[in-house]
Amino acid sequence: MLSSARQGGVTDETPPRDPRGTLATQGGEGVIACTRDCYDGCIFDGSYAPIGRYPTSGFTCARGRMDLARNRVNRIESARVDGREVEMGEAIRRAASLIGEEMRRDPGRILHVDYDGNQGLLTWYYPARLFTAIGASRTDYSICSAEGHAAIRLHYGTSAGALPEEFPGYGAAVLWAFPASVSAPHIWRSISGATKVSIDVRLSDTARRSQKRIIVRPGSDSFLAIGVIKVLLEEGLASGEVIHRRELEEFAAGYSMETLTSATGVPERELRWLAEFYASEKPLTLIGFALGRSPGGGDAISLISLIPALVGLRRGFYYSNSMGLGIDFDYLRGYHMGRNSRVVGMARLREELESGRVGLVYVWNMNPAVTLPGGSSILEAAQEGRISLIVHDPFWTETARAADVVLPAPTFLEKADVAYSYWHDYLVYNSPVAEPLGMRESDLIRAIAREAGISHPLLDEDPWDAVDAALRGTGVTLGELRSSGMARVRNYPPPRVPDALPLPRPSPPPSPGPGELLLVFTSHPLYTNTQFREVHGRPEPVIHTREMEGEVILETGLGRARVRAVRDPGVPPGVAWMYKSALVDLDGRPINDLLGGAAGPYAGTPVLNGVPVRVLHLK
Ligand SMILES: Nc1nc2c(c(=O)[nH]1)N[C@H]1C(S)=C(S)[C@@H](COP(=O)(O)OP(=O)(O)OC[C@H]3O[C@@H](n4cnc5c(=O)[nH]c(N)nc54)[C@H](O)[C@@H]3O)O[C@H]1N2
Ligand SMILES: Nc1nc2c(c(=O)[nH]1)N[C@H]1C(S)=C(S)[C@@H](COP(=O)(O)OP(=O)(O)OC[C@H]3O[C@@H](n4cnc5c(=O)[nH]c(N)nc54)[C@H](O)[C@@H]3O)O[C@H]1N2
Ligand SMILES: [Mo]
């Protein structure tokens, strides 16, 4: 592993190296999907060249360009039990016996923790069936986008918004907490012709490259949205249709301009400018997932989603389109035939593990020890023998290193799967390009079940049959996908007129106390969360702030972290930002120990941005 990473410097404008490498699907036919947790959901042809049209537009991002080079580095090459290298069969027997033991006590003591390391239907979703079948506990999957999905659905009945093909039709775009030049390079490319306004708490790369920037206080976006709605309604600029418009008018009238400008830190002149920009330019509104992880983020997303309708746009927003594709994710996880004992909030993992209610944690497709708030509680519980920990991952992670049973998984380059995107509406049949290392997820859970003597109709259904059934609502069949490689879903919901009700009651934004900064996180161009450290090294834990430089201790009531501070004049006073891929501190401790507990009211999404941290300057 390299010792340190370059901080920024490389962007997606860096000239591409040949992404084709030496690998290709058989005969160069078939399609390769990047199945990573990323907006763009890129698609490559059989020679691993990016397809030239939507959504991939002929370019590979800085991460995708490293995939082949990374594919055999830092891999879990064989199974381990208690640190010993063993045959796969022995590891499966051990996993089955640990699961069987906890099941006899109480299946609710088994908790599966998984997220979107690979968005394939067989890789991420189907394996949950083992745990649904036995009535184990699961998480609420709230870490990333759940808060905004729930907030938008309240008004529109769906969170599905504009599709990529609609983007170039807009001459203007408002990027709301959405640093797309880094977090969604293909979306950024698709709006290259638009006049862009960026609303952020700092001068991000996206804000610098937008025609206009509005800097708000962390957690105050609800008040900016109310300001825009108020000006549109009071100045007669809202020609669009919204159900319960009178209630919205009364709601907005209840806020004085003074309240709104002091909450946001945005001068009245700028706020009015934004409302007038909406009325005259009718921009596409792009809402970043990160907003849902900020204090009051669900309220903000709820209100922002109404603005495009007020200026007469139908479906004039984009947040995440995954719920409009028609894929039956619940079917894949087996919720039609089984029930989990308990649903554990991702914001409350530490509390849960310290309560003694959990005896076994099964992890795949996630590195929760680092990425969940209070995630180090998994490491502590495993070390102290309070839980058995089973991890299935292609790469050695902090979570895998702490596991009693480690199982190797193939990467997306090594297995067939069906992938979708949360931006575009193409389903992709991903064809493998390399020999697999390890066992695929759906096979593994069925092997564990057999070994543990668990039989259930959910596990009898062939995984591919389950995928085909789960695709029914998309209008695309598995057979069609297999032969064509990719296909657009046929039942994407039509635009709807939103109902302004229910309206939120946003709380005042957080304000840092003396010696405190509000900490926010953002994507790094070279990493996806904690992935790619094997090729770029571990990103140095650095906070960017205008306040200080040198080594500092960050502290909340929950934990401490030792990091370096560098000066960034693009950050307003009282705010600090760091890359969300640099979540391990200078002492090797997870920085997410600082966070936990606080969760959004719409879907329980952990509050990760805008949290006040005390900062102690060391040297
Ligand atoms: N290169 C790369 N791309 C990625 C990822 C990655 O790790 N690397 N991760 C993927 C994943 S999992 C996700 S969820 C998405 C995340 O992508 P996005 O949702 O687009 O955002 P983040 O990169 O998390 O950055 C959050 C931005 O919100 C700003 N911000 C923080 N608090 C507030 C606030 O209260 N108000 C406003 N207006 N702005 C605020 C921050 O300054 C920052 O610019 O990106 C995906 N794409
Ligand atoms: N402080 C702070 N914390 C954050 C965030 C933040 O902004 N600030 N962002 C949050 C967000 S938005 C998210 S989405 C989460 C992400 O949290 P994680 O999902 O934990 O993120 P990754 O580090 O990408 O871990 C994914 C894991 O899946 C593995 N994986 C990849 N492909 C496969 C596969 O085919 N099979 C199996 N079995 N495993 C595979 C990878 O090797 C990797 O170990 O982090 C969250 N944590
Ligand atoms: Mo995410």
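The chain is divided into three domains: domain 1 (79–135 + 329–413 + 437–472), domain 2 (146–322) and domain 3 (516–617). The model described here is predicted. Ligand 1 lies between domain 2 and domain 3, because both domains give residues to the shell around it.

**Domain arrangement**

- A distance of 38 Å separates the C-alpha centres of domain 1 and domain 2.

**The shell around ligand 1**

- Ligand 1 is surrounded by 34 residues, of which S183, D200, D221, S523 and Y527 are the closest.
- By class, this shell consists of 17 nonpolar, 10 polar and 7 charged residues.
- At least two residues of the shell come from each of α6 (180–183), β8 (195–200) and β19 (516–522).
- The element that gives the most to the shell is β19, with 3 residues.

**Polar contacts and cover**

- The side chain of S523 has an N or O atom 2.7 Å from an oxygen atom of ligand 1.
- A backbone N or O atom of A290 is 2.9 Å from an oxygen atom of ligand 1.
- For F289, a polar backbone atom lies 3.0 Å from an oxygen atom of the ligand.
- Ligand 1 has 920 Å² of accessible area on its own, and the protein covers 99% of this area.

Notes. Residues are numbered from 1 along each chain as its sequence is written. Chains are lettered from A and ligands numbered from 1 in the order in which they are written. This is a predicted model: local features need pLDDT of at least 70, side-chain atom pairs count only at pLDDT 80 or more; totals for chains, interfaces and linings use all residues. Side-chain values use heavy atoms; hydrogens and water are left out. Domain bounds come from an automatic or database domain assignment. A residue is near a molecule or strand if one of its heavy atoms lies within 4 Å of it. A polar contact is a pair of N or O atoms within 3.5 Å; within protein, one must be able to donate a hydrogen and the other to accept it, and residues adjacent in sequence count only if both atoms are side-chain atoms. Accessible areas come from the Shrake-Rupley method with a 1.4 Å probe; for residues, only the protein chains shown count as cover. Helices (H or I, at least four residues) and strands (E, at least two) are DSSP runs, numbered from the N terminus. Ala, Val, Leu, Ile, Met, Phe, Trp, Tyr, Cys and Pro count as nonpolar, Asp, Glu, Lys and Arg as charged, and the others, Gly among them, as polar.
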